[in-house]
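Hi,

Here is the structure I said I would pass on. Have a look at it first, and my notes follow below.

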Amino acid sequence: MKPLCEEDDVDMFFKSIAMTAKKMSPLAMKKAKLRTLNLISEINDKYSTPQTAQTLLYTPIRQFVVLCYAFFYVIMFVCT
């Protein structure tokens, strides 16, 4: 694991994405965040090692992603 103060190309990429997103309207920013979350989740699912369905349901990252989906969908419907 790298030290927290050390940045690599992935850190710089996502910081540049964040800078761009912060220039958007609130609605555009919400949609960009949701689509980014969906994309990262899809890619993670596609390229992660095969696991049983039971394992996938109970991993902390899976729980986090499910909570994020729920949160963003609520925000999208309440705020639009």
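A quick definition before the notes: helices here are DSSP runs of H or I with at least four residues, and strands are runs of E with at least two. Keep in mind that this is a predicted model.

On that basis, the chain has 4 helices and 0 strands, and reading along the sequence gives the pattern α-α-α-α. UniProt, in an unreviewed entry, puts a "domain: BESS" feature at residues 7-46. Over that stretch the chain is 85% helix and 0% strand, with 26 Å between the end C-alpha atoms.

Of the 80 residues in the chain, 15% are buried.

Now to helix H1, which covers residues 9-21. Its 13 residues reach 18 Å from first C-alpha to last, close to the 18 Å expected at 1.5 Å a residue. At the start of H1, Asp-8 has a side-chain oxygen within 3.1 Å of the backbone nitrogen of Val-10.

Val-10 itself sits in H1 and also turns up in a nonpolar surface patch together with Phe-13, Phe-14, Ile-17 and Ile-40. Together these residues have about 440 Å² of accessible area, and H1 gives the most to the patch, with 4 residues. How exposed is Val-10? Its relative accessible area is 43%, so Val-10 counts as partly exposed, the class between under 20% (buried) and over 50% (exposed).

Cheers

Technical notes: Residues are numbered from 1 along each chain as its sequence is written. This is a predicted model: local features need pLDDT of at least 70, side-chain atom pairs count only at pLDDT 80 or more; totals for chains, interfaces and linings use all residues. Side-chain values use heavy atoms; hydrogens and water are left out. UniProt positions are given in the numbering used here, feature names are shortened, and annotations may be inferred rather than shown by experiment. The expected span of a helix is 1.5 Å times one less than its number of residues. A polar contact is a pair of N or O atoms within 3.5 Å; within protein, one must be able to donate a hydrogen and the other to accept it, and residues adjacent in sequence count only if both atoms are side-chain atoms. Patches are made of residues with over 30% relative accessible area and no salt bridge: like charges are joined within 9 Å, nonpolar side chains (Val, Leu, Ile, Met, Phe, Trp, Tyr) within 5 Å. Accessible areas come from the Shrake-Rupley method with a 1.4 Å probe; for residues, only the protein chains shown count as cover. A salt bridge is a side-chain nitrogen of Lys or Arg within 4 Å of a carboxyl oxygen of Asp or Glu. Buried means under 20% relative accessible area, exposed over 50%, partly exposed in between (1.4 Å probe, protein chains only).
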